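I opened my notebook to look up aromatic rings and their neighbours. Here is what I went through.

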Amino acid sequence: MPKENHIQYLYDRKADIELILCIDSAISYPLHNHVSVLTIGLVLCGSIFLTVGDNSFTCEIDNSFTILPYVPHTIEAQNPYSLLTLCINKNIIRKCSKDEIKNNIRHLLTVTCELELTENQTIHLLNCLDSLDKALLSYSAEPFIDSAKKQIECYPEMKLSIDEMAHSLYISKYHFIRSFKQAIGLIPHQFQIQNRVRKAQHMLSNVDSIAEVALTTGFCDQSHFIKHFERYVGITPTVYKISCKILT
């Protein structure tokens, strides 16, 4: 039987698609967004309360959902649930055919040993791609916000304060915070922390030392890193290393 709160991560590097499988989970996730990826989810068991942008709703067994890049959202566990999530790079969606992406997804589903989807569930999941308007994947913001966003995404470890970022853009920090949150859905500090955590996720597959990952990604110490990592990912960095598998 699967362990409680068991999470499996499977990343297909060539297809640029990540599969996340939560089994019998009671984890809730705070407000966050997914950078440059389309997220498709299917509830396999139990239910979750999902807030996506301004909309809130309950997803029960065999309910699917789609979350566009940069759209802020939360997941609240109403009871133990099992959830399959696919994170697909938006650039892959733009340059590959839907049939090619679907074949890559089917391949990922077959190599996930703990996953037994019915054909109807698989079709239901893949149908989310058919209803997708690629134009919705486009993102636009004021140039000064887009510049700050890209800087934080690429270099989240940089220790720039709100005052320093606002000063570099020649605006007040209050105007910067309001404009950033309106465009991205998160305040700059939240966005920076979640991007530090995501950079750490990529590093953990290649670096053995948790302390080294913590310092490289801009956290002041290992305990601070573990606290934020567990908050956003739902498990500790050590458990994540065990749970994560990369296909090449």
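Predicted model: local features only at pLDDT ≥ 70, side-chain atom pairs only at ≥ 80, totals over all residues.

Residues are numbered from 1 along each chain as its sequence is written, and side-chain values use heavy atoms, leaving out hydrogens and water.

**Pairs.** I took rings of Phe, Tyr and Trp (its six-membered ring) as paired if their centres lie within 6.5 Å; planes under 30 degrees apart are stacked, over 60 edge-to-face, the rest tilted. I counted six aromatic pairs by this rule. Y9 and Y240 are edge-to-face, because their planes stand at 65 degrees, with ring centres 4.7 Å apart. This pair joins distant parts of the chain: Y9 is in strand β1 (residues 6-12) and Y240 in helix α10 (residues 237-243), 231 residues apart. Helices (H or I, at least four residues) and strands (E, at least two) are DSSP runs, numbered from the N terminus.

I looked next at F219 and F225, a tilted pair with 5.3 Å between centres and 50 degrees between planes. Which cluster holds these residues? I found Y9, F219, F225, F229 and Y240 in one aromatic cluster.

**Burial.** I used relative accessible area: buried is under 20%, exposed over 50%, partly exposed in between (1.4 Å probe, protein chains only). Y9 and Y240 are both buried. F219 is buried at 2%, and F225 is buried at 0%.

**Charges.** I required NZ of Lys or CZ of Arg within 6 Å of the ring centre and within 35 degrees of the ring normal. R196 has its charged end over the ring of F219, 5.8 Å from the centre. R231 lies over the face of Y232, 5.5 Å from the ring centre.
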